[in-house]
Amino acid sequence: MEEKIAARPWQDDGPNCNQCNSEFSAINRKHHCRKCGDLVCVACAPNDNQRPVPEYGYMDSVRVCLKCFNPKKI
């Protein structure tokens, strides 16, 4: 049986995206990345950027930011 780790704490709500610094509005809504916890806009976490995050207990696809959806290979 695979052991899951506790989910990362979400960033506090604020007026701007944690990644691109764009201002949130009625059109530019805020979302929390389910993997890193950043408060992000729709440009940084598009609706179709979804995947399971089993290490945090999300077995169904959930919204994640671009950096978590396609992390850079080191």
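Is His 31 buried or exposed? His 31 counts as buried, at 17% relative accessibility, where buried means under 20% relative accessible area, exposed over 50% and partly exposed in between (1.4 Å probe, protein chains only). The structure is a predicted model, in which local features need pLDDT of at least 70 and side-chain atom pairs count only at pLDDT 80 or more, while totals for chains, interfaces and linings use all residues. Residues are numbered from 1 along each chain as its sequence is written, and side-chain values use heavy atoms, with hydrogens and water left out.

**Overall architecture**

- The protein chain has 1 helix and 4 strands, counted as DSSP runs numbered from the N terminus (helices are H or I, at least four residues; strands are E, at least two).
- Read from the N terminus, the order of elements is β-β-β-β-α.
- The protein chain has 74 residues, of which 31% are buried.
- Among contacts with a separation of 6 or more, 35% come from residues 24 or more positions apart; a contact means heavy atoms within 4.5 Å.
- The chain exposes about 5400 Å², and carbon and sulfur atoms supply 52% of that area; accessible areas come from the Shrake-Rupley method with a 1.4 Å probe, and for residues only the protein chains shown count as cover.

- Strand β3 (residues 50-53) pairs with strand β4 (residues 58-63) in the antiparallel sense over 3 bridges; two strands pair if DSSP finds at least two bridges between them.
- Gln 50 has Arg 63 of β4 as its bridge partner, and Arg 51 is partnered by Val 62 of β4.
- The two strands form a hairpin with 4 residues between them, and Gly 57 in the turn has a positive phi of about 90°.

**Surroundings of Arg 63**

- His 31 lies in strand β1, and its side chain makes a polar contact of 2.9 Å with the side chain of Arg 63.
- A polar contact is a pair of N or O atoms within 3.5 Å; within protein, one must be able to donate a hydrogen and the other to accept it, and residues adjacent in sequence count only if both atoms are side-chain atoms.
- Apart from neighbours within four places in sequence, His 31 is in contact with Asp 38, Leu 39, Val 40, Cys 41, Val 42 and Arg 63.
- Asn 47, in the loop between β2 (39-40) and β3, is partly exposed at 49% relative accessibility.
- The side chains of Asn 47 and Arg 63 are joined by a polar contact of 2.8 Å; these residues are 16 apart in sequence, with 6.6 Å between their C-alpha atoms.
- Pro 46 is also found in the loop between β2 and β3, and touches Arg 63 and Leu 66, not counting residues up to four places away in sequence.
- Pro 46 and Leu 66 are 20 residues apart along the chain, and their C-alpha atoms are separated by 7.8 Å.

**Surroundings of Asn 28**

- Asn 28 is placed in the segment before β1 (31-32) and is buried, with a relative accessible area of 15%.
- The side chain of Asn 28 makes a polar contact of 3.2 Å with the side chain of Ser 22 and reaches the backbone oxygen of Glu 23 at 3.0 Å.
- Not counting residues up to four places away in sequence, Asn 28 touches Ser 22, Glu 23, Cys 41 and Val 42.

**Nonpolar core and cysteines**

- The largest nonpolar core has 15 residues, among which Cys 17, Cys 33, Val 40, Cys 65 and Cys 68 touch the most other members.
- A nonpolar core is a set of buried Ala, Val, Leu, Ile, Met, Phe, Trp, Tyr and Cys residues joined through side-chain atoms within 4.5 Å.
- Cys 33 is buried at 1% relative accessibility; beyond residues up to four places away in sequence, Cys 33 touches Trp 10, Asp 38, Val 40, Arg 63, Val 64, Cys 65 and Cys 68.
- The count of disulfides comes to 0, a disulfide being a pair of cysteine sulfur atoms within 2.5 Å.
- The cysteine sulfur closest to that of Cys 33 is in Cys 36, at 3.7 Å, which is too far for a bond.
- Cys 44 is buried, with a relative accessible area of 10%; the closest cysteine sulfur to its own is in Cys 17, at 3.7 Å, again too far for a bond.
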